[in-house]
Amino acid sequence: MSISSIGGRQNFYSNQSLYTKQNQNLHRNFRQLASGKRINSAADDAAGLAIATKLLSQRNGYDVGTRNAATSQDMVNVAEGGLSKISDSLQRMRELSIQASNTAIYGEDDRASIQQEIDQLKGYISDAAGNTQFNNMNLLDGSMGRSHVASSPNGGGMDINMPDAVLKSLGIEDYDVTGDFDISSIDSALEKVSSARSGLGAAYNRLSHTINYNSYASYNTTASQSRLEDLDYAGAVSDMKKNSLLQEYRIMMQKKQQEEYGRVNQLMRF
């Protein structure tokens, strides 16, 4: 084998190695342009991928926390609506109690008629407390107690104290105006309901602040992840064109080199 042949073969393998590397660069360019991401595997940027994955987990946590908080606001609205109806019934019971207190006009039969309406109102309060539901869970009968809202990206958040508005808890289970009665028991029940509504209103406002914060944090986390992962299309297209030209040039030079070594070998054999 001639020296020129050996040298030609060495150059061939060298060019082949460069061609393979250039082809890999082009493949990476095409993959990035197709996905729109600078990092498609750990080989592209191992440290960047690790950070971007953490940011993605955090962003997803904020988004889920936002949804949890918004859904909990819906639950609070349902509970507050039920308490509003209970409050209206208690106000009517108080009016009837004041009316029944006027013994100068109303006798026992009249108070018995008034008590019939009061019993209907008590039944409505009992129904509202027992049947006000959200996602098949009773909200106002005391069965929920302390409800946890996972509004933080790590599963933390806040607790909402769900009220107990059944007749016994309100202290009006045996309320009856046909005998001796005390209107203060109605006032006490109204105070309990009003306090519960205030607590739910405060929880709703806190959830609103949480939603606003989570949305802002998710936006900025997404922006940070985007800076790490997303592709600079202008730079990527320019890099692809450069790699494509270099590949074409190497193919052309390799072909020319092979032809040149072929002619040299023919001369030497002659």
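**Close-up views of a predicted model**

**View 1. Glu191 in helix α5.** Glu191 lies in helix α5, which spans residues 184-229. The model is predicted. The relative accessible area of Glu191 is 59%. Glu191 therefore counts as exposed, the cut-off being over 50%. Ser87 is 104 residues away from Glu191 along the chain.

View 2. Is Thr221 buried or exposed? Its relative accessibility is 8%, so Thr221 counts as buried, under the 20% limit. A polar atom of the Thr221 side chain lies 2.7 Å from the backbone oxygen of Ala217. Beyond residues up to four places away in sequence, Thr221 touches Leu55, Gln58, Arg59 and Tyr62.

View 3. Strand β3 covers residues 146-149. Which residues make up its covered face? Ser147 and Val149 do, while Arg146 and His148 form the uncovered face. In a regular strand the side chains alternate between the two faces of the sheet.

**View 4. Pairing of β3 with β4.** Strand β4 runs from residue 158 to residue 161. How many bridges join β3 to β4? There are four, and the two strands run antiparallel. His148 has Asp159 in β4 as its bridge partner. His148 also belongs to the uncovered face of β3.

**View 5. Asn135 in the loop between β1 and β2.** Strand β1 comprises residues 133-134, and strand β2 comprises residues 137-138. Asn135 sits in the loop between them. Its phi is near 55°, a positive value in a residue other than glycine. Most residues other than glycine have a negative phi. With a relative accessible area of 60%, Asn135 is exposed.

**View 6. Asn136 in the loop between β1 and β2.** Where is Asn136 found? Asn136 is in the loop between β1 and β2. Phi of Asn136 is near 65°, again a positive value in a residue other than glycine. The relative accessibility of Asn136 is 70%, so this residue counts as exposed.

Conventions. Residues are numbered from 1 along each chain as its sequence is written. This is a predicted model: local features need pLDDT of at least 70, side-chain atom pairs count only at pLDDT 80 or more; totals for chains, interfaces and linings use all residues. Side-chain values use heavy atoms; hydrogens and water are left out. Buried means under 20% relative accessible area, exposed over 50%, partly exposed in between (1.4 Å probe, protein chains only). Two strands pair if DSSP finds at least two bridges between them. A polar contact is a pair of N or O atoms within 3.5 Å; within protein, one must be able to donate a hydrogen and the other to accept it, and residues adjacent in sequence count only if both atoms are side-chain atoms. Contact means heavy atoms within 4.5 Å.
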